[in-house]
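Hello,

Here is the structure I said I would pass on. Please open it first, then read the notes below.

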Amino acid sequence: MVVIIIIVVVVVLIALGLWASFNGLVKRRNRTQEAWSEIDIELKRRHDLIPNLVSTVKGYAAHEQGTFEAVTQARANAVSAGATGDPDKIAPAENALSGTLRSLFAVAENYPQLRAVESFLQLQETLTATEDKIEFARRYYNTSARDYNVALQTFPRNLIAGPFGFKAVAFFAADDQTGRCPR
């Protein structure tokens, strides 16, 4: 009788451990998905600001057509990559967009009358705030992704991760220079 009680207790403890491990993985996966959605929202906001910014600068620096085309193409590539939902594709596209935005702001620096236009200054400030939010969201996502991936690889969670379809997630890497707007 004592042996049966011990076996039942051991089975119950193992079941509770598996239950807790499964729920912990679900919680971490959901936190990571929520963090990714924050990045996605901010990237879309950034993409929506760019056409207004380009048209504002274009009014003052019409002969800088190559820069405008590069920004427009980089934005299109970033939107296209964003549709995949894959951080490994989105990060390079967003980094390229940041580079073209830097060149656009470098062009704007050459036009003092543009820097005095209120709509340009507002767009610049909004884009700077959005870049800050993207950076915060990226850090939060990468922290969540790290915690989730570590949880997938540690014992005993690694025993239940595969059979229940838990997959590791990629980090959202940004280049060392952000697309910050000069102030």
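**Thr 130 and its surroundings**

If neighbours within four places in sequence are set aside, Thr 130 is in contact with Glu 42, Arg 45, Arg 46 and Leu 49. Keep in mind that this is a predicted model. Thr 130 itself sits in helix α5, which covers residues 118–153.

Is Thr 130 buried or exposed? Its relative accessibility is 2%, and buried means under 20%, so Thr 130 counts as buried.

**The chain as a whole**

The protein chain contains six helices and zero strands. Following the sequence from one end to the other, the pattern reads α-α-α-α-α-α.

What are the overall dimensions? Taken along the principal axes, the box filled by the C-alpha atoms of the protein chain is roughly 90 × 25 × 25 Å. The radius of gyration of the protein chain is 24 Å, whereas a compact globule of 183 residues would have one near 16 Å.

Contacts can also be sorted by distance along the sequence. Among those in the protein chain that link residues at least 6 apart in sequence, 78% are between residues at least 24 apart.

**Surface and charges**

Of the 183 residues in the protein chain, 36% count as buried. The accessible surface of the chain is about 10,300 Å², and carbon and sulfur atoms account for 60% of that surface.

The protein chain has 20 positive and 19 negative charges.

Regards

Note on methods: Residues numbered from 1 in each chain as written. Predicted model: local features only at pLDDT ≥ 70, side-chain atom pairs only at ≥ 80, totals over all residues. Heavy atoms only, no water. Helix = DSSP H or I, 4+ residues; strand = E, 2+ residues; numbered from the N terminus. Buried < 20%, exposed > 50% of the residue type's maximum accessible area, 1.4 Å probe, protein only. Contact = heavy atoms within 4.5 Å. Rg over C-alpha atoms; globule rule 2.2 N^0.38 Å. Areas by Shrake-Rupley, 256 points an atom, 1.4 Å probe, with all protein chains shown as cover. Lys, Arg positive; Asp, Glu negative; His and termini not counted. Charge placed at Lys NZ, Arg CZ, Asp CG, Glu CD.
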